[in-house]
Every structure is written in structure tokens, then in C-alpha cells.
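Thanks for making the time this morning; I would like to walk you through one model, starting with a charged pair and then moving on to the ligand site. Please have the structure open while I talk.

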Amino acid sequence: MAGKITLVEGDITKLAVDAIVNAANPSLLGGGGVDGAIHRAAGPGLLAECKTLGGCPTGEARITAGHRLPARCVIHTVGPVWRGGGRGEPGLLASCYRRCFRLAREHGIRTVAFPAISTGVYGFPKDQAAAIAIREIQRALAENVGIIEVLLVCFNPETKKAYEAALAGTGE
Ligand code: ADP
């Protein structure tokens, strides 16, 4: 049975899913936006674990425990900084989603929540990022990687609109 995609509004740190995804920076040592919120909610144990990982290149992902979060795990992925779209940004963003799903499969994750990676401080246009996210999520669900539900967390109304348009475009 294929998994489903659900749009949810609010704060990703509150979700009791198998894994939440963090839009991290290459140091994996915390930052602003969703990264800061996840570290605050998870407590100092998350930073201590992240320090053992030695960072993460753009387009890749790493997994840690959820510490004090309701989520069991955190998948940290480093999205591209938007520099106009001609520096491989779309491919790197797609790679983030693929690496997250690869880790999810390896760790038996069945429910996973994503923030809109790269669309905050990193400046990726929300509509293009949503189209890439939906395409990669549908591909992963079609491959049946064991995921039963993907939650897309809409932290603002523009993000929700972008996902709705991307889902409508694919006939979902
Ligand atoms: P990036 O550096 O990858 O752009 P940001 O954290 O700046 O990462 O933003 C990524 C997305 O996460 C944006 O859509 C932002 O609005 C959203 N966001 C920020 N805080 C939260 C949160 N607590 N829960 C869910 N999404 C959040």
C-alpha cells in the first residue's frame, strides 16, 4: 500500500512522528529558523550528538535521536542556498529529499515530517521548492520504501499555497 501526503500547519517540533527533518546548515551545530527551534525543543543532548557527526555537505543527510522531542529521530539535511538557480540548486534540493528517504528506509521510519527545506533564510523560491519536494516524495512513496505517511509542515500560508499548487499539478 502506498503512503500518503498530508499538509499540516504549525510547528514541526510538536509532531510525534518517527522522524522529523531538520533544515540544517553544514556544521550541524544549530542555527536559526527551524534548526534553532528543533535544537531548543530537543535539548542539549541533540547538539552533543550532532558534534560527533563532523558536519554534513549540502544535498546530504545525517540521522540522530530525537532526544526530548516527541519524534523518535531527527534527519538533518543541508539544503542549497539559492544563488539564482543556475548553481545546481534544484538538483541539490532533490538530493536532500532522496537522502532523507534513504535514511528513513534504513531506520525503519514509517512516518516522517518535513519543513520546507531551503525556503527560509536560504531563499529558495517556495513554488519551485514545493514542486521538487512533491515530485521526490511521490517518487519515494511509489518505490514503497515503507513510509505510510509524509507530513509537510506549512509554517506560513505561502508554503501551504505552494504545496497545494504542486499537488494539484500532479493530480494528487
Ligand atoms: P533554510 O535555511 O533551509 O532556508 P529555515 O529554517 O530558514 O531553513 O526555513 C525553512 C522553512 O522552515 C521555512 O519555510 C520556515 O518558515 C520553516 N520553519 C521555521 N520554523 C519552523 C518550525 N518550528 N516548524 C516548521 N517549519 C518551520
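**A salt bridge, then the ligand site**

Let me begin with Lys160, which forms a salt bridge with Glu9, and here the closest N and O atoms are 2.9 Å apart; please keep in mind that this is a predicted model. The pair links distant parts of the chain, since Lys160 belongs to helix α5, residues 157–169, while Glu9 belongs to strand β1, residues 4–9, and the two are 151 residues apart. In general, side chains of opposite charge can pair when their charged atoms come close. A search of the whole structure finds five salt bridges.

Turning now to the ligand, the space that the ligand takes is the largest pocket. There are 17 residues around the ligand, and those that come nearest are Asp11, Val34, Ser118, Gly120 and Val121. By type, this shell divides into 10 nonpolar residues, six polar ones and one charged one, and helix α1, residues 33–42, gives the most to it, with three residues.

Taken alone, the ligand exposes 560 Å², and the protein buries 91% of that.

Key. Residues numbered from 1 in each chain as written. Predicted model: local features only at pLDDT ≥ 70, side-chain atom pairs only at ≥ 80, totals over all residues. Heavy atoms only, no water. Near = heavy atom within 4 Å. Areas by Shrake-Rupley, 256 points an atom, 1.4 Å probe, with all protein chains shown as cover. 1 Å grid on protein atoms, 1.4 Å probe; cavity = no way out; pocket = protein on both sides within 12 Å on 5 of 7 lines; lining within 4 Å. Sits in = over half its atoms within 2 Å of the grid points. Helix = DSSP H or I, 4+ residues; strand = E, 2+ residues; numbered from the N terminus. Nonpolar A, V, L, I, M, F, W, Y, C, P; charged D, E, K, R; others polar. Salt bridge = Lys/Arg side-chain N within 4 Å of Asp/Glu carboxyl O.
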